[in-house]
Amino acid sequence: MNSQWHQQLAKLSVTQPELLRGICRGIEKESLRVAGDGVLAQTPHPEVLGSALTHGSITTDYSESLMEFITPVSSSIEDTLKTLEDVHSFVYKHIGSERLWSASMPCIVAGDAGIPVARYGSSNVGRMKTVYRYGLGKRYGRLMQAIAGVHYNFSMPESYWPEAQKADGDEGPLQDYITGRYLGLIRNFHRWSWLLIYLFGASPAVCASFMRGRGEHHLEPFDAEGNSLHLPYATALRMGDLGYNSSAQKSLRACYNSLDNYIATLTQAILSPHADYAAFNGKEDGEYMQLNDSLLQIENEFYSTIRPKRPGSSGETPLHALHERGIEYVEVRCIDVSPFHPLGIDSSQIRLLDSFLLYCLTQPSPACDEAQQDRQTANLSAVVNRGREPGLMLATESGPRALSTWAAELLEEISASAELLDTVHQSSSYAEALAEQQAKVRGDLELPSARVLREMSEKGMPYYRFAMGYSNRWAEHFKDWELDSEAEKSLTDESTSSLARQADIEAADTMSFEEYIAAYFDQYKVLNHGD
């Protein structure tokens, strides 16, 4: 469907092609560090890689063993992937015999006790990050926090928005227009994000150690020994009940019809005590067990496949930044780490993501209601657990619809966005990326989730050995990668300076930790009162 916004963009791309060439992206890629035998590494974050608190490219997520690699904002896909390649190669120079796990679902883990929580130093901000992670572990278990993913940040260039607003005849504040358009993208993303999980999901199986001690589950043994568990038609177990999901948050309905509503919903959840979490108040081994006993400790605890984002200043809450300055970009959070690519993502997938997100931005996006949200949740669950099931039907407002038919139709419509991007880049790469996904829907090309199970079956290996094989393969790839001297020097210098910046932050603290936390949460109270 060539919507009004798509037609406007098509006209602008002829007169000002730089508006589309300037699409900005950034990648945050998580990888578990594992020992040579495939067991989660128990070693601390290597000091030679700098401070996980302040390093611009190398940090940690939940666990000390869950690394996160961050690329700067860039309009070049090639530059983004080159940076990510350099970071991987640099890390491999400094982790000895350890490996970076090649998949989303974890390696061999010895329960919660075998997952060390990330440490960020003695500063108030560093302690807050660690205590928040303790709280996540208490609330949901540490195993859930040992799952890795790829986060994809997307934004239109700043120069696009005044032109789009003018073409729309909108005379309101520019930032309100930008925020409104990004909210429209987010609503459409929720309508169609099941397509990305179907096409790119690569976590249909898990190591049995991941489920040990977790009680009843719906997974089936993959092998006679029960070393691996799976669902035969699953695509991305990471995105289901086993992964980043919270039963306590089921009642939390974040509405993306307006930014004020979204902010109010999360603010209320951060300020509202939750009876189940009262047991975690107080300290354990001299440290607080959580930041508070609310439904959400902070907004990052709200699990979603996409987030509206605005960078904040030091000590500023993300919700306050959104309230004051609106949405600057969106963060896509439903992408599995692909074991079949050394970086976990490749240029073809990025081009499909850009085409998909541009489609979401330029299509009509009516306000969402609870009935639509329920259908979206049901569709996501169906594709996560049964996405490859023959004849699978998804829910729509007009009744059930075959996934295969709907997916083919969506990709055909997205082709118009791919065509625009190819035109301004004078290439055919976006159309080729789209054609690859169309082949998956037709059954001419294997889905990643199907390939995982096929290779495990053909090679007679459990999930752990499958993922370890690719981990070893990509380790050799990165060790052979020629890291140019300029990139190595830049990363070395950043590692050194990040340690100095952490020390400066620790020396500059003047408040007690309790005073710091109280001041931080006062920002939510201001938002809650609308001041």
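Predicted model: local features only at pLDDT ≥ 70, side-chain atom pairs only at ≥ 80, totals over all residues.
View 1. Helices (H or I, at least four residues) and strands (E, at least two) are DSSP runs, numbered from the N terminus. Four of the five residues of β3 (residues 66-70) are buried, where buried means under 20% relative accessible area, exposed over 50%, and partly exposed in between (1.4 Å probe, protein chains only).

**View 2. A bent helix, α6.** Look along residues 174-200 and you'll find a kink of about 55 degrees centred on R191. The bend at a residue is the angle between axes fitted to the seven residues ending there and the seven starting there. Helix α6 is largely enclosed by the rest of the structure, because 23 of its 27 residues are buried.

**View 3. The second largest pocket.** On a 1 Å grid over the protein atoms alone, a pocket is an open set of points with protein on both sides within 12 Å along at least five of seven lines, while a cavity is a set where a 1.4 Å probe fits but cannot get out; lining residues have an atom within 4 Å of a point. Grid points are joined across faces, edges and corners, and a volume is the space filled by probe spheres set on the points. This pocket has a volume of about 470 Å³. It has 19 lining residues, and R191, W192, T396, E397 and W406 lie nearest its centre. Helices α6, α10 (370-386) and α11 (403-425) each give at least two residues to the lining.

**View 4. The largest cavity.** There is one cavity of 30 Å³ or more, and the largest cavity has a volume of about 70 Å³. Among its 15 lining residues, K29, L100, W101, S102 and P342 are the closest to its centre. Helix α14 provides the largest share of the lining, four residues.

**View 5. Cysteines without partners.** A disulfide is a pair of cysteine sulfur atoms within 2.5 Å, and this structure holds zero of them. The sulfur of C107 is too far for a bond because the closest cysteine sulfur, in C207, is 8.1 Å away. For C360, the nearest cysteine sulfur is that of C334, at 10 Å. C107 counts as buried at 1% relative accessibility, and C360 counts as buried at 0%.

**View 6. Two loop residues with positive phi.** D285 isn't a glycine, yet has a positive phi of about 55 degrees. You'll find D285 in the loop between β9 (283-284) and β10 (287-288), exposed with a relative accessible area of 81%. Q426, in the loop between α11 and α12 (429-442), also has a positive phi, near 50 degrees. Q426 is exposed, with a relative accessible area of 78%.

Key
Residues numbered from 1 in each chain as written. Heavy atoms only, no water.
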